[in-house]
Amino acid sequence: HHAGGMGIIVQRTDGATLRNVNATLRSDSGRLVTTTADATHFNGCRGDILIQNCTFENMLDDATNIHGCFVRIEKQIGDNALVCRRIHSQQRGLIVMAAGDKVRFVTSADMQRYADASVISTRELNSDVFEVTLDVLPEGGLRQRSALYNTTWQPNLTIRGCTVRNNRARTMLIATAGDVLVEDNVFEHSSMAGIQFEGDNGFWWESGPATNVVIRRNLFRNNAGAALRIAPQIDVQRFPHALYHGGIVFQQNRIETFHRLIAEGSAVNGLDFSSNTVEMTNFDEIRDTTSPSFKIASGKNIVIKNNTFSGSPPLIVEVGAQSPRPVVQDNRGIILEGQPATKSE
């Protein structure tokens, strides 16, 4: 019923199951808040994570956050050895990598991969800094301002039959390259986006570009932000062609909303937004009827089709000028920016 921080924290764990776990207000308590941070939080795990038939309400942060950890490369100290630093204070002491793990090099500014390697050994220097010896360093040497993350410890995730409501922040934060399935849940009355995909090399240093995600048959009701937000911290103006999260399928969901922002993203490497239904819950009070409802600042392989919106004027799809044209077809009440509505749309 209450926690002074997060409710459940899971780190460096091979598989975890939360079934019928609830963060809820006690009916007679008079409280407004359950956990003062995330209800659940998973960092640097692998295996299968299952969150099923749970209720998370009235948190001051997300229902769950699943991610790994970027570490900053400080310097090279041998033929194949590096000194690395955990940047965020809440990652101090976390085992980020160990012998046998696979790791990936990325340039910090745009989080783009430029090499892979295997870990031979590690040695902790203190809770912030450690040494790692790899089988090989990148051909051509280290690039300026680089980071590493672990590609072995990337969990599969299933979130099914859960209810998230009345919380500050998003409902779910997801950042893993494992298989992700989010189905048959209710997400309502969050103060920010519904499901969000993040990642950065500047503050939280949370890693894990999504590559295979299915979000289906969920109800998103009156969340203050977009139902779907893909938001890695990459400057689109500097890196308009950078790609990060992708392989995201958002299908057969129902979105009941008091505003017109439905989905937004940047550095998107594949999004299939199809067969969803959008309905305004207080259409008469909406004043903004011209801002885009689908805002893809950068990315490719974007498909928006067979969706239904019964209101008027139609919802608008806007894509960054340097990104390929998306496929927008067979929708009702949704049009690509600059195109007139037609009967088929």
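Student: How many bridges join strand β5 to strand β14?

Tutor: This is a predicted model, where local features need pLDDT of at least 70, side-chain atom pairs count only at pLDDT 80 or more, and totals for chains, interfaces and linings use all residues. Residues are numbered from 1 along each chain as its sequence is written, and side-chain values use heavy atoms, with hydrogens and water left out. Strands are DSSP runs (E, at least two residues, numbered from the N terminus), and two of them pair if DSSP finds at least two bridges between them. Here β5 covers residues 46–52, β14 covers residues 156–160, they run parallel, and the count is 5 bridges.

Student: Which residue in β14 stands opposite D48?

Tutor: Stay with the parallel pair β5 and β14. Look across from D48 into β14, and you land on N156.

Student: And which residue in β17 stands opposite R160?

Tutor: β14 is also joined to β17 (residues 179–183), in parallel, by 4 bridges. Across from R160 sits E183.

Student: Through how many residues does the hairpin join β11 to β12?

Tutor: β11 (residues 112–124) and β12 (residues 129–134) run antiparallel, with 5 bridges between them. R123 faces E131 in β12. The hairpin joins the two through 4 residues.

Student: Which residue in β12 stands opposite C84?

Tutor: β12 also pairs with β9 (residues 81–85), antiparallel, over 5 bridges. Opposite C84 you find F130.
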